[in-house]
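The sequence and the model are shown first, and the main points follow by topic.

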Amino acid sequence: MKSVVTTIVTSADAAGRFPSSSDLESVQGSLQRAAARLEAAEKLANGLDAVAQEGYDACIKKYPYLNNPGEANSSDTFKAKCLRDVKHYLRLINYCLVVGGTGPLDEWGIAGAREVYRTLNLPTAPYVEAMRHTRDRACSPRDMSPQALTEFRALLDYVINSLS
Ligand SMILES: CCC1=C(C)/C(=C/C2=NC(=C\c3[nH]c(/C=C4\NC(=O)[C@H](C)[C@H]4CC)c(C)c3CCC(=O)O)/C(CCC(=O)O)=C2C)NC1=O
């Protein structure tokens with residue numbers, strides 16, 4: 001799985017050189033933020049179901065037409081898949097917090113996602129809204145420390161930007 005460490009070592013290796021001092025600085029920066037990321041991962045994991053449900057509810061509230069006949073939230077199966085998808089993104093964010101890189105999101109949640117959603121006729125704006133709601137709703141110190149919240153929000157923003 002890709003992490004900041006594997007990414008840097010692999011690219012230095014591919015170029016046939018040792019990691020440069022700026023490479024090492026970025027590894028060091030990532031390790032310094034590791035405690036905050038792990039805190040965010042733990043808090044998110046504890047609340048994952050509730051956080052996903054809230055994000056899902058917020059996106060359907062913003063786009064109620066999705067409940068109309070034939071639309072993507074119109075049956076129990078579709079509703080369950082939508083909630084599951086929101087949960088998938090939060091879980092991928094959780095993995096990213098643990099590894100310290102965007103690899104899991106890139107590989108499983110972003111690369112090729114647009115094509116899949118286009119083929120299934122699923123709009124991406126509701127996904128973005130679920131992530132935006134989660135980002136704006138999360139707060140410190142209620143949910144996590146300020147540093148942990150910064151790490152969590154950065155990954156939510158990453159998904160928002162990638163699917164917008
Ligand atoms: C781990 C990463 C991962 C992701 C992200 C993922 C997404 C994903 N969502 C899917 C379906 C789906 N996703 C939704 C979702 C929604 N309905 C709405 O109203 C909203 C627009 C949206 C929720 C925000 C729906 C309705 C389907 C079924 C569409 C269909 O069968 O026509 C499918 C097609 C396969 C299936 O039906 O399960 C994939 C691949 N799968 C993965 O493995």
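The model shown here is predicted. In it, 19 residues surround the ligand, and the closest are Ala-72, Asn-73, Phe-78, Lys-81 and Cys-82. The chain has eight helices and zero strands, and it is divided into domain 1 (1-32) and domain 2 (33-163).

**Surroundings of the ligand**

- Three helices, α4 (76-99), α5 (103-110) and α7 (125-137), each contribute at least two residues to the shell around the ligand.
- Helix α4 provides the largest share of this shell, with six residues.
- Sorted by class, the shell around the ligand consists of 14 nonpolar, three polar and two charged residues.

**Cys-82**

- Cys-82 is among the residues closest to the ligand, and the unreviewed UniProt entry lists Cys-82 under "binding site".
- This residue, Cys-82, is located in helix α4, the helix that gives the shell around the ligand its largest share of residues.
- Cys-82 counts as buried because 20 other C-beta atoms lie within 10 Å, and a residue is buried if 20 or more do so.
- With its neighbours within four places in sequence left aside, Cys-82 is in contact with Tyr-56, Ala-72 and Asn-73.
- Of these contacts, Ala-72 and Asn-73 are also listed among the residues closest to the ligand, while Tyr-56 belongs to the largest nonpolar core.

**Nonpolar core**

- The largest nonpolar core has 34 residues, of which Tyr-56, Val-86, Ile-93, Cys-96 and Phe-152 touch the most other members.
- Two or more residues of this core come from each of α3 (34-62), α4, α7 and α8 (146-163).
- Helix α4 supplies the largest share of this core as well, namely eleven residues.
- Ile-93 touches Leu-44, Leu-105, Leu-155 and Leu-156, when residues up to four places away in sequence are not counted.

**The two domains**

- The centres of domain 1 and domain 2, taken over C-alpha atoms, are separated by 28 Å.
- Contact between the domains involves nine residues of domain 1 and seven residues of domain 2.
- On the side of domain 1 that touches domain 2, the elements giving two or more residues are α1 (4-14) and α2 (21-32).
- Helix α2 accounts for the largest share of that side of domain 1, with four residues.
- The residues on the side of domain 1 that touches domain 2 comprise three nonpolar, five polar and one charged.

**Annotated coiled-coil region**

- The unreviewed UniProt entry places a "coiled-coil region" at residues 24-51.
- In the model, the span of residues 24-51 is 96% helix and 0% strand.
- The end C-alpha atoms of residues 24-51 lie 35 Å apart.

**The chain as a whole**

- From the N terminus on, the order of elements is α-α-α-α-α-α-α-α.
- The C-alpha trace of the chain spans about 60 × 40 × 20 Å along its principal axes.
- The chain has 164 residues, and buried residues make up 30% of them.
- Among contacts in the chain with a separation of 6 or more, 67% are between residues 24 or more positions apart.

Note on methods. Residues are numbered from 1 along each chain as its sequence is written. This is a predicted model: local features need pLDDT of at least 70, side-chain atom pairs count only at pLDDT 80 or more; totals for chains, interfaces and linings use all residues. A residue is near a molecule or strand if its C-beta atom, placed from the backbone, lies within 6 Å of it. Ala, Val, Leu, Ile, Met, Phe, Trp, Tyr, Cys and Pro count as nonpolar, Asp, Glu, Lys and Arg as charged, and the others, Gly among them, as polar. UniProt positions are given in the numbering used here, feature names are shortened, and annotations may be inferred rather than shown by experiment. A residue is buried if 20 or more other C-beta atoms lie within 10 Å of its own, exposed if 12 or fewer, and partly exposed in between; C-beta atoms are placed from the backbone. Two residues are in contact if their C-beta atoms, placed from the backbone, lie within 7 Å. Domain bounds come from an automatic or database domain assignment. A nonpolar core is a set of buried Ala, Val, Leu, Ile, Met, Phe, Trp, Tyr and Cys residues joined through C-beta atoms within 7 Å.
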